[in-house]
Amino acid sequence: MTLGRGARTGAVILFAAAAAAATGSAATRTAVPVLGRLENGLWQLRSLDGGGTIAAVCLGDPSVLAQLRHRGVACRRTVVGQGPDSVELRYSCPAAFGQTAIRVETSRLARVETQGVDNGVPFAFRAEARRVGSCR
């Protein structure tokens, strides 16, 4: 997926909203094996578009990374591409949709690129997600 240098507007809110999901999802790990390689724990999210550290997320369900902008919203996800180290998903929710590419570098490091529309407003960002410890 190719993203333009995108809007960072709302990125802090976006990542702060992702700071939940403390339980793992066996269904997600089975449906998207590459996400099952990510360790549970505290992950730091850093913008790759020049925004520095954005937030910390307690990652239990790795599918949270696929839908950061719309975490907690009932969305329908479809895997549109998969490789040994990456997955690309599309999702649609009420008044929103998006597409996210996740590349798993190691069990403690991933890169996320996402873009979409939320209530008629486009968004796009790139981030590095790095495991930094255990959740409290």
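Modeller: A residue is called buried when its relative accessible area is under 20%, exposed when over 50%, and partly exposed in between. The model is a predicted one.

Colleague: Why is D49 called buried?

Modeller: D49 has a relative accessibility of 9%. The limit for a buried residue is under 20%, so D49 counts as buried.

Colleague: What makes the contact of D49 and R126 a salt bridge?

Modeller: The criterion is a side-chain nitrogen of Lys or Arg within 4 Å of a carboxyl oxygen of Asp or Glu. For D49 and R126 the N to O distance is 2.9 Å, so the pair meets the definition of a salt bridge. D49 lies in the loop between β1 and β2, and R126 in strand β7, 77 residues apart. R126, at 24% relative accessibility, is partly exposed.

Colleague: How do you know that R111 forms salt bridges with E105 and E128?

Modeller: The N to O distance is 3.9 Å for R111 and E105, and 3.6 Å for R111 and E128. The cut-off is within 4 Å, so both pairs qualify. The pair of R111 and E128 links strand β6 to strand β7 across 17 residues. Through shared partners, salt bridges join R46, R103, E105, R111, E128 and R130 into one network.

Colleague: Which of R111, E105 and E128 are buried or partly exposed?

Modeller: E128 is buried, at 8%. R111, at 32%, is partly exposed, and E105, at 34%, is partly exposed as well.

Colleague: What makes C58 and C135 a disulfide?

Modeller: The sulfur atoms of C58 and C135 are 2.0 Å apart. A disulfide requires two cysteine sulfur atoms within 2.5 Å, so this pair is a disulfide. C58 belongs to strand β2 and C135 to the segment after β7, so the link ties together parts 77 residues apart in sequence. C135 is partly exposed, at 31%.

Colleague: Why is the disulfide of C75 and C93 called right-handed?

Modeller: The torsion about its S-S bond is about 100 degrees, so the link of C75 and C93 is right-handed. C75 sits in the loop between β2 and β3, C93 in strand β4, 18 residues apart. Both cysteines, C75 and C93, are buried.

Colleague: What pattern do the disulfides of the protein chain follow?

Modeller: With bonded cysteines counted along the chain, the pattern is 1-4, 2-3. The structure holds 2 disulfides.

Technical notes
Residues are numbered from 1 along each chain as its sequence is written. This is a predicted model: local features need pLDDT of at least 70, side-chain atom pairs count only at pLDDT 80 or more; totals for chains, interfaces and linings use all residues. Side-chain values use heavy atoms; hydrogens and water are left out. Helices (H or I, at least four residues) and strands (E, at least two) are DSSP runs, numbered from the N terminus. Buried means under 20% relative accessible area, exposed over 50%, partly exposed in between (1.4 Å probe, protein chains only).
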